[in-house]
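Welcome! Take a moment to look over the structure below, and then we will walk through a few of its features together.

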Amino acid sequence: MHYLTNKIYNGDVFEFLDILPDDIFDLAIVDPPYNLRVDEWDIFSSEDEFLSFSFLWIEKMLKKLKKTASFYIFNTPYNSALFLNFLKDKAIFQNFITWYKKDGMSTSKKRFNNNQESILFFTMGKNYYFDCESIRIPYLSTERMAHAAKKGILKNGKRWYPNPNGKLCPDVWEISSARHTNKINGKVVKQNHPTPKPKEMIERMIKASSKEHDLILDLFAGSCITSICAKELNRNFIACEKNKNFINSNLEIVI
Ligand SMILES: C[S@@+](CC[C@H](N)C(=O)[O-])C[C@H]1O[C@@H](n2cnc3c(N)ncnc32)[C@H](O)[C@@H]1O
């Protein structure tokens, strides 16, 4: 079946997934509705309705991924636990990543404040690409590391020297939300999309789980940050978003 790459399909994900051939994507990055009522597309009549919707797109998406593909799914910790249970015999679980947003709104006085979102990282098989070197992050203790770089640190009888590119990336990601980083003079500015994801986070997923020229699926694309990062990192993409107003105007739309 014919399909166009490096384009944004403006339509419904279920119809979009039905027109694509199976086994074509190397990586999927999916930021779907969370059932938190943040916008009209995030309202469901019940948890059951939300889960039926979610499990249906997950089932359809899995068919489109290569046997060597990886995928990342964003959601609340609670929904992610339910997705994980649904996925456990369909793909291979790799990580339950915690995105510590640092700047979540403090509103709950009867329980702990929500300051995190979750990201499920799965692969379709045991044979998959993962470039841990491209996503190293700086060591926290810069002084100690500067000292260690010169003299090394004695560990189990061997001298260990820090990697100049930083430490291996852990499964807790401390990244400020786009709402926070886009503030002007300390004030939150209205954005084109209510829930944009930080570029730094998407770049990390793309670098870790795809090679140049690989094909990336950007489902529920919103402002298409995944497609933009894919283009900048020399990967190919296909995206789907139903609301044309959210789609970044520098990208080519297919209706
Ligand atoms: C969580 S947001 C994605 C935000 C995006 N990651 C960004 O950084 O801008 C989910 C998006 O899914 C879209 N959406 C919801 N249901 C959809 C459907 N059935 N088909 C296509 N898009 C849908 C919404 O319009 C919304 O933009």
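How far is a nitrogen atom of the ligand from an N or O atom in the side chain of Asp 12? The distance is 2.8 Å. Keep in mind that this is a predicted model. We will start with the ligand and its surroundings, then turn to a group of paired strands.

**Around the ligand**

- The ligand is surrounded by 19 residues, and the closest are Asp 12, Asp 31, His 193, Ser 223 and Glu 241.
- By type, this shell divides into 9 nonpolar, 5 polar and 5 charged residues.

**Contacts with the backbone**

- Lys 197 has a backbone N or O atom that lies 2.9 Å from an oxygen atom of the ligand.
- For Lys 242, a backbone N or O atom is 3.2 Å from a nitrogen atom of the ligand.
- On its own, the ligand has 610 Å² of accessible area, and the protein covers 97% of that.

**Where Phe 122 sits**

- Phe 122 belongs to strand 5, and Phe 71 stands opposite Phe 122.
- Phe 122 is also the bridge partner of Phe 93.

Notes. Residues numbered from 1 in each chain as written. Predicted model: local features only at pLDDT ≥ 70, side-chain atom pairs only at ≥ 80, totals over all residues. Heavy atoms only, no water. Near = heavy atom within 4 Å. Polar contact = N/O pair within 3.5 Å; in protein donor to acceptor, adjacent residues only side chain to side chain. Areas by Shrake-Rupley, 256 points an atom, 1.4 Å probe, with all protein chains shown as cover. Nonpolar A, V, L, I, M, F, W, Y, C, P; charged D, E, K, R; others polar. Pairing = 2+ DSSP bridges. Helix = DSSP H or I, 4+ residues; strand = E, 2+ residues; numbered from the N terminus.
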